[in-house]
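Give the cut-offs along the way.

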Amino acid sequence: MGYILGIDVGGTNTRLGLVSEQGELVEFVREATKQYNIEGQALPLFLDVVKRYLQNHGEGRTIDAISVGFPSTIDKERKVVIGTPNIAGLNNIPVVETFEKEFGIPVFLERDTCLILINDMEKNHIPPSGVTIGIYYGTGIGNAISIDGKIFTGKHGVSAELGHIPMRGVHGRCGCGNESCAEVVACGRALEHIMEKHFPNEDISYIFSEHGDSEIILQFIDDLAIAAATEINILDPDHIIIGGGLPNMEGFPRHELEARIHKYARKPLPDEDLEFIYSKEGQESGVMGAAIHARHQLKK
Ligand SMILES: [Zn+2]
């Protein structure tokens with residue numbers, strides 16, 4: 001029985017785990033990303049982390065493939081990490097070529113958000129046919145689109161950047177360098193700015209339960225909805241998954257978000273038939289998604 005080594009690279013932690021053919025996760029560990037996010041040395045240092053993991057946890061086990069998710073832009077062929085805004089050193093690194101040479105087994109590379117969507121589709125028994133979108137309101141806005149079981153990549157591999165649709169009236173520099181991006185007002189980072197300005201010294205964990213009906217928070221929810229409705233009106237998706245840290249916070253007004261998405265959705269359709277599936281990501285979702293993705297690829 002073989003395992004997939006799933007790896008989920010995050011800004012703070014890199015999670016690794018072995019997933020069996022039956023989908024059982026074993027030897028799940030977290031490593032600090034700062035061990036290897038060093039300009040010019042990231043790839044060999046990251047390789048060392050993986051080698052050490054396999055020495056400690058892979059002994060006596062067959063590893064069928066390695067599957068890695070990065071919070072990055074990835075090339076269309078899914079071989080090279082092009083750029084990672086929040087992690088130093090992870091730019092233009094040929095992960096697949098390097099790892100396949102080192103380990104001699106198939107290696108798969110994907111954007112982390114796409115792996116979360118793949119995991120959510122599996123967990124919610126969503127069939128591959130049709131269009132499924134994942135909108136994840138976290139530090140930024142994560143987004144992924146699956147069409148007939150394939151991740152939609154676009155011409156250059158950088159599609160599904162819902163956080164960077166321009167919105168009128170929005171002014172402020174986005175992490176991407178542009179101004180007026182949805183992410184300037186509609187994500188966790190934006191909520192932190194709202195906290196600083198309107199609710200200084202309060203605990204962000206209780207912002208929705210304490211101030212969910214305040215005008216400024218309702219405006220924030222409205223901005224989240226505008227982003228979601230934009231994609232929904234373009235794609236008329238079969239399934240809509242909403243996740244990320246924000247919708248899972250205490251008191252987050254899901255009904256308010258849904259009402260506002262309906263407000264902006266085209267009438268009568270798709271508005272009349274929107275169904276929202278909430279994702280409850282855990283620590284292991286990225287690793288599990290990576291393994292499911294690898295199994296799908298190996299079958300091809
Ligand atoms: Zn942007």
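Serine 67 stands opposite phenylalanine 108 in E7. The model is predicted: local features need pLDDT of at least 70, side-chain atom pairs count only at pLDDT 80 or more, and totals for chains, interfaces and linings use all residues. Residues are numbered from 1 along each chain as its sequence is written, and side-chain values use heavy atoms, with hydrogens and water left out.

**Strands around E4**

Helices (H or I, at least four residues) and strands (E, at least two) are DSSP runs, numbered from the N terminus. Two strands pair if DSSP finds at least two bridges between them. Strand E4 covers residues 62–70. Five bridges join E4 in parallel to strand E7 (residues 107–111). E4 also runs parallel to E1, with seven bridges. Here serine 67 is the bridge partner of glycine 6. Seven of the nine E4 residues are buried. Buried means under 20% relative accessible area, exposed over 50%, partly exposed in between (1.4 Å probe, protein chains only).

Strand E1 (residues 2–9) contains glycine 2. This glycine 2 is buried, at 5% relative accessibility. Beyond four places in sequence, glycine 2 touches Val19, Ser20, Glu21, Thr62, Asp64 and Arg295; contact means heavy atoms within 4.5 Å. Its C-alpha atom is 7.0 Å from that of arginine 61, 59 residues apart along the chain.

**The five-stranded sheet**

An open, mixed sheet has the order E10-E9-E8-E11-E12. Its edge strands, E10 (150–151) and E12 (276–278), each pair on one side only. E9 (residues 141–147) meets E10 in the antiparallel sense through two bridges. Lysine 150 in E10 is the bridge partner of isoleucine 147.

Helix H6 (residues 215–235) lies across E8, E9, E11 and E12, at about 170 degrees to E8. Helix H7 (residues 254–264) touches E8, E11 and E12, and makes about 150 degrees with E12. Axes are lines fitted to C-alpha atoms, for helices over the stretch in contact; angles run from 0 to 180 degrees between N-to-C directions.

**Nonpolar cores**

A nonpolar core is a set of buried Ala, Val, Leu, Ile, Met, Phe, Trp, Tyr and Cys residues joined through side-chain atoms within 4.5 Å. The largest has 42 residues; Tyr137, Phe220 and Leu257 are among those with the most contacts inside it. H6 gives the largest share of this core, nine residues. Leucine 257 is in contact with residues including Tyr137, Leu224, Phe252 and Tyr278. A second, separate core holds 31 residues, among them Val9, Leu47, Ile66 and Val81.

**Aromatic rings**

Rings of Phe, Tyr and Trp (its six-membered ring) pair if their centres lie within 6.5 Å; planes under 30 degrees apart count as stacked, over 60 as edge-to-face and the rest as tilted. The whole structure has five aromatic pairs. Two of them are listed here.

| Pair | Centre to centre | Plane angle | Class |
|---|---|---|---|
| Phenylalanine 46 and phenylalanine 99 | 5.5 Å | 35 degrees | tilted |
| Phenylalanine 208 and phenylalanine 252 | 5.0 Å | 80 degrees | edge-to-face |

Phenylalanine 46 lies in helix H1 (residues 42–57) and phenylalanine 99 in helix H2 (residues 95–103), 53 residues apart. Phenylalanine 208 is in helix H5 and phenylalanine 252 in the loop between E11 and H7, so their pair ties together parts 44 residues apart in sequence. Phenylalanine 208 is buried at 3% relative accessibility, and phenylalanine 252 at 7%.
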